[in-house]
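Have a look at it first.

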Amino acid sequence: MKFQNLGPFAEKPETLSQVAGATCEPGKLPSEWVQKYFGVDNECDPSVGGAEGDPDGDILKNLEEYYFATNPTNPDTDGDGSYDGQEVVFNKNPKGEGYLNISQQTTEEYLKSLGPEYE
C-alpha cells in the first residue's frame with residue numbers, strides 16, 4: 001500500500017515554517033533527542049516542527065517518532081520500503097522485522113504527554 005504525498009516523493013514545503021505548523025509547545029521533546037536528529041537544541045526550530053512536526057513525511061509526528069524510537073529524518077527507518085507510519089498503522093515494527101512491541105509504560109507516557117484529556 002502506498003500513500004500519496006508522503007515520504008521522499010511528497011511535495012516539499014515551500015517554507016520551513018510549514019514543517020513546524022501553526023504552533024509549537026516547547027518541552028514536549030527531550031532536547032538530547034532533538035540534538036541527535038536535527039543538530040539543534042530548540043524543538044520549535046522550523047526544521048524540527050516541535051512535537052507535532054513531521055519533517056520526514058512518514059505520517060508519524062515527532063513525538064510519535066520519539067516513542068516508537070524511529071528516525072524522524074528518515075521516512076523508512078528500517079529501509080524495508082514501507083514508511084514508518086504505514087508500518088505502525090498495521091502493527092508492524094518500523095525498526096525491523098516482526099510486529100510492533102510497545103510496553104504499557106511507553107503507552108501511558110505517550111498518552112500523558114498528549115495532555116490531561118488523554119490520561
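Start with how the chain holds together: among contacts (heavy atoms within 4.5 Å) with a separation of 6 or more, 42% are between residues 24 or more positions apart. Keep in mind that this is a predicted model, where local features need pLDDT of at least 70 and side-chain atom pairs count only at pLDDT 80 or more, while totals for chains, interfaces and linings use all residues. Residues are numbered from 1 along each chain as its sequence is written, and side-chain values use heavy atoms, leaving out hydrogens and water.

The protein has five helices and zero strands, with helices being DSSP runs of H or I of at least four residues and strands runs of E of at least two, numbered from the N terminus. Read from that end, the order is simply α-α-α-α-α.

Finally, the rings. The structure holds four aromatic pairs: rings of Phe, Tyr and Trp (its six-membered ring) pair if their centres lie within 6.5 Å, and planes under 30 degrees apart count as stacked, over 60 as edge-to-face and the rest as tilted. Tyr 66 and Tyr 67 have ring centres 5.0 Å apart and planes at 70°, so they sit edge-to-face. Tyr 66 is partly exposed at 30% relative accessible area, whereas Tyr 67, at 18%, counts as buried. Ring pairs also link these two with Trp 33, Tyr 37 and Phe 38 into a cluster.

Definitions and conventions. Buried means under 20% relative accessible area, exposed over 50%, partly exposed in between (1.4 Å probe, protein chains only).
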